[in-house]
Amino acid sequence: MSQLQRLRDAISEAGVDALWVSNPANVRALTGFTSPEDGRVLVTPDATTLYTDARYTVQAREESSVPQHIARPPETFKHAAGTLGGRKVGFEADHLTVAGLKDLKEHWPDAELVPLRGVVQRLRLHKTSEEIGAIRAAQDLADQVFSEVRPMIAAGVRELDIALEIETRLRKAGAGPAFGVIVASGPRGAMPHGLASERVIQDGELVTVDMGARMNGYNSDMTRTVAVGQPSDEMRRVYNAVLEAEEAAVRAVRPGVRAADLDKIARDILTGHGLGEAFSHSLGHGVGLEVHEGPGLRGTSEDVLAPGMIITIEPGAYLPDVGGVRIEDLLLVTEDGCEVLSHAPKESV
Ligand SMILES: CSCC[C@H](N)C(=O)N[C@@H](C)C(=O)N[C@@H](C)C(=O)O
């Protein structure tokens, strides 16, 4: 069944006649249009239309097989109104702004607007073989860049210079960073999202590097924590505990497993090492057109793993004023288990 047919089924299951798509990742997923921030999609029972403006006439025609209408608001809304009449129209409540909703109400007075969440995102949970290929390529590049830059991670080097080298190499390869490169050394390692700073790495420190490549719209995500010289006994103990939790969770990844149970496997191990409180985020997340997408691997998640999902497993432990460790792999859920897509070595410290 085509993605559009699956979407039409999902739309009717949601109890609406049509869906107004404004979330850029969803616009891109449905159309292939690579400037989705300036695109919207209207899906009705009989038609799908990509709306964008005249800056993108040629680009949209080249990139998308979805029929297009070139206009800017309010013309966009007026054109769409012609196909909506008194229909029930879903909108993406987790994306549309208050002002955006006001516009829709003003221009579609006869339509019944219904807030919906995650309709297109649920379709994106399961990657197509083309999407898997794109994410695999992004991760392969990230692995290559990490291995090239790894020798640079040494005492006397600024975090920023490592991040710059990673970003430069990604860009020279025709990609870009999936997010601001995280390089957090020594006590800065206690910040899970410590973007690279001017701090100079010292001998005996752990350095957490969290990086992803964004290639053809698709992202990768991987974290390694490496030692510079001989870290303290305390930080070595934390590293080995996180590694144990990470490897145990990776081993448990297979179709049918509840995401919440995976989170518990890692959390229980860290709790056993007295680091439960130090693991201050979820175990992982899906990766695709967005760095963070479904499924959510957290204690409250209702998601169940299925073949074709691409997820991260990334336990961490963060000790304020001392340091931190995170180890993250990118995985494809397969029919009978999983394939680890990230290959950078996990060093022993
Ligand atoms: C700013 S994107 C950073 C990507 C990074 N690899 C990452 O996913 N970090 C996790 C600690 C994270 O942010 N997890 C989210 C899903 C959470 O726990 O809410």
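The model is predicted, so local features need pLDDT of at least 70 and side-chain atom pairs count only at pLDDT 80 or more, while totals for chains, interfaces and linings use all residues. Residues are numbered from 1 along each chain as its sequence is written, and side-chain values use heavy atoms, with hydrogens and water left out. The protein is assigned domain 1 (3–124) and domain 2 (126–340), with bounds that come from an automatic or database domain assignment.

**Where the domains meet**

- The C-alpha centres of domain 1 and domain 2 are 34 Å apart.
- Six residues from domain 1 and seven residues from domain 2 take part in the contact, where contact means heavy atoms within 4.5 Å.
- Between them, the two domains bury about 610 Å², with 40% of it on carbon and sulfur atoms. Buried area is the accessible area (1.4 Å probe) that two parts lose on being put together, summed over both.
- Of the area that domain 1 buries against domain 2, 73% is supplied by Ala25, Arg28 and Arg124, more than by any other three residues.

**Polar and charged pairs between the domains**

- Two salt bridges are counted between domain 1 and domain 2; a salt bridge is a side-chain nitrogen of Lys or Arg within 4 Å of a carboxyl oxygen of Asp or Glu.
- Arg124 and Glu293 form a salt bridge through their side chains (2.7 Å, N to O).
- Five residue pairs are in polar contact across the interface of domain 1 and domain 2 (both at pLDDT 80 or more). A polar contact is a pair of N or O atoms within 3.5 Å; within protein, one must be able to donate a hydrogen and the other to accept it, and residues adjacent in sequence count only if both atoms are side-chain atoms.

**Ligand surroundings**

- Around the ligand are Phe179, His193, Asp210, Asp221, His281, Ser282, His285, His292, Glu314 and Glu328, each with a heavy atom within 4 Å of it.
- An N or O atom in the side chain of Ser282 is 2.8 Å from an oxygen atom of the ligand.
- For the side chain of His292, the distance from an N or O atom to an oxygen atom of the ligand is 2.7 Å.
- An N or O atom in the Glu328 side chain is 3.2 Å from a nitrogen atom of the ligand.

**Salt bridges overall**

- The count of salt bridges comes to 26.
- Arg55 and Asp38 form a salt bridge, with their closest N and O atoms 3.6 Å apart.
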